[in-house]
Amino acid sequence: FLALAVGIVLGAGPLQGEIGDTLSNEVAGLRKDKADLNEQLSQAAAGTEARDAYIGETNPLVLADALAGQRVAVVVLPGADTAVVESTPASLASAGATVVSTTTVSDGWVSADEAVVSARDAAVREAASGAGVDVSDSGSVSPRDVLLAALLARPSTEATDAVEPQRARTALEALAEADLLDVATEQFEIADLVVVVAGTTSQGDVAAQEAAADRWVDLTIALDARAAGSVVVGENSTVEDGVDVVASVRNDETAKEGVSTVDNAGSALGQASIVHGLVEQRAGGTGQY
């Protein structure tokens with residue numbers, strides 16, 4: 001109590017001015033620091049906006065004919081960023097490529113629910129039989145992933161085991177009727193290259209989300225093994241809850257060896273990276289952007 005009383009007396013008397021001045025100076029310093037940081041943030045944001053605007057304006061010139069004559073299949077996974085889904089075909093077209101199919105795959109493709117698995121496997125067997133694709137000995141790769149890769153892509157123009165486009169279209173429509181995917185089959189062709197627009201897995205607990213993301217990674221590996229090249233793209237700013245499939249691809253040693261990735265596909269720079277990534281893939285290289 002004596003110490004408390006002494007402190008009160010000193011604080012109210014001789015030390016009052018010094019303490020007040022110290023606190024005032026600290027508050028003023030913090031306000032200045034905040035103002036400086038806000039100014040730096042504004043400058044950085046303006047610089048980024050100017051950079052993206054410049055890249056967006058020059059992309060058509062820089063990317064022109066980079067993918068001339070190439071046929072590209074776009075595969076959209078659940079949770080994919082809508083803006084990326086819409087802008088990617090335009091970027092591919094500006095580089096001279098032709099988007100020959102757009103396939104939106106449903107959550108049922110990687111579901112572990114027994115009823116879904118049973119119906120899915122039956123639909124896959126029927127579609128594979130109709131398309132003439134042998135999935136009986138797919139090894140460690142899921143038969144459904146082998147089938148979808150064979151229906152959408154071929155490794156080269158000289159490939160002798162390429163599925164005839166009409167049979168592939170019919171098989172894709174059968175899978176669509178089973179609610180496994182939705183595919184735009186107008187002017188459908190078998191592709192040389194594949195772009196997978198990925199998102200996040202958000203159903204179930206963390207373990208279920210990670211398991212689903214791993215199954216999507218398996219699909220990207222199958223597509224890459226079949227096509228002349230593949231790039232998995234996404235927009236990391238959309239990642240909140242769930243497991244990011246692009247990150248899962250990068251964390252998988254097998255996938256990372258062959259599959260290229262772009263994690264900022266929502267920006268003009270990211271769109272350019274998709275094109276450059278496909279060019280690199282076509283030449284036998286792999287990159288993470």
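Reader: Leaving aside its neighbours within four places in sequence, with which residues is Trp109 in contact?

Author: Contact means heavy atoms within 4.5 Å. In this predicted model, local features need pLDDT of at least 70, side-chain atom pairs count only at pLDDT 80 or more, and totals for chains, interfaces and linings use all residues. Residues are numbered from 1 along each chain as its sequence is written, and side-chain values use heavy atoms, without hydrogens and water. Trp109 is in contact with Arg120, Arg144, Asp145, Leu148, Leu175, Leu180, Leu181, Trp216 and Leu219, leaving aside neighbours within four places in sequence.

Reader: Which residues of the largest nonpolar core touch the most other members?

Author: A nonpolar core is a set of buried (under 20% relative accessible area, 1.4 Å probe, protein chains only) Ala, Val, Leu, Ile, Met, Phe, Trp, Tyr and Cys residues joined through side-chain atoms within 4.5 Å. Here the largest has 48 residues, and Leu77, Trp109, Leu147, Leu151 and Leu175 touch the most other members. A second, separate core of 22 residues includes Val72, Val233, Ile274 and Leu278.

Reader: What share of the 289 residues is buried?

Author: Buried residues make up 41% of the protein chain. Of its contacts with a separation of 6 or more, 80% join residues 24 or more positions apart.

Terms used: Buried < 20%, exposed > 50% of the residue type's maximum accessible area, 1.4 Å probe, protein only.
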